[in-house]
Amino acid sequence: MNTPQAPEPGATPGVHPLDMALRLIPEHDGSARGVAPAAYWNMVGPYGGITVAQMLQAVLQHPERLGDPLSITVNFAGPVEAGEVRIEAVPVRTNRSTQHWTVSMGQRDAQGAFVVSTTATVITAVRRDTFSVDDLPRPAMPDPMRCERFDTRGAMEWLQRYDMRVVQGAIPKTWDDSGHESLSQLWVRDDPPRPLDFVALSALCDVFYPRVWLRRARRVPAGTVGMTIYFHTDAAQLARQGDKHLLAQASAQAFRNGFFDQTAQLWDSEGVLLATSHQIVYYKE
């Protein structure tokens with residue numbers, strides 16, 4: 001398969017780039033049609049976080065949806081090319097408080113055959129008021145406006161969509177195999193600022209560069225194979241956050257024989273844990 005080339009990043013005046021990327025048109029067969037967004041282009045395809053957000057959006061706009069997102073697991077089976085994508089979200093079981101979904105994304109290849117690039121499972125749920133507590137406190141960090149903004153000039157297109165202010169674990173300036181701990185902490189929000197919702201939060205869970213780059217100070221090829229996000233919040237909590245910065249941190253636990261894991265947490269401006277995520281990532285020598 002040829003390496004997809006990034007299309008020109010277009011924009012519609014008055015419409016946020018994320019909302020443009022999330023425009024999915026329902027089809028008669030129950031699927032939805034969208035576009036691999038140029039505004040979120042990565043090295044060889046769309047930024048993984050925007051693919052997650054598009055697949056979650058297909059569930060959120062489905063007329064049979066029950067409740068709010070509880071979790072999403074996405075498997076990046078193959079590359080997403082530039083152009084049109086089709087997403088199918090199917091509610092496979094609905095219970096009193098939870099609903100289980102399968103989701104697939106695919107495209108037509110050069111011969112006209114439909115090829116699946118990405119699969120997912122989603123759980124939505126109706127949350128009920130009960131005992132609630134965060135056992136993982138937010139790390140003490142300086143105010144985001146006192147932190148230097150990460151310079152994305154000349155970087156990949158998707159990085160232009162975020163205001164990142166790194167506190168610890170910035171991308172290495174020298175690739176010298178010196179090695180560092182794999183922890184990164186940063187303040188982040190959409191750019192231009194946009195009120196937080198579930199789809200924006202899901203995309204933000206993937207803003208971290210590969211942990212192997214930091215752990216080794218060596219820029220080896222790497223890409224996410226699978227990613228799971230757990231949502232610990234509801235729509236009302238997200239609405240209170242508005243467009244303020246989130247505190248995000250990520251670290252790895254093991255690097256072994258071409259794969260490593262990544263665990264991440266995102267807190268709101270008041271210190272409430274909104275989401276946690278886990279990834280398995282491929283890297284190549």
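User: What do the side chains of Asp 19 and Arg 194 do?
Analyst: They meet in a salt bridge, 2.8 Å from N to O. That term means a side-chain nitrogen of Lys or Arg within 4 Å of a carboxyl oxygen of Asp or Glu. This is a predicted model, where local features need pLDDT of at least 70, side-chain atom pairs count only at pLDDT 80 or more, and totals for chains, interfaces and linings use all residues. Residues are numbered from 1 along each chain as its sequence is written, and side-chain values use heavy atoms, with hydrogens and water left out.

User: Is Arg 194 buried or exposed?
Analyst: Arg 194 is buried, because its relative accessibility is 9%. Asp 19 is partly exposed at 30%. Buried means under 20% relative accessible area, exposed over 50%, and partly exposed in between (1.4 Å probe, protein chains only).

User: How many salt bridges does the whole structure have?
Analyst: The search finds 14. One of them joins Arg 153 and Asp 151 at 2.6 Å, N to O. Arg 153 is exposed, at 73% relative accessible area. Asp 151 is partly exposed at 42%.

User: Which residues are linked in a network?
Analyst: Arg 149, Asp 163, Arg 165, Arg 189 and Asp 191, through salt bridges.

User: Switching topic. Which residues pair up with Glu 157 in a salt bridge?
Analyst: Arg 161 does, at 2.8 Å, N to O. Glu 157 is partly exposed at 25% relative accessibility. Arg 161 is buried at 13%.
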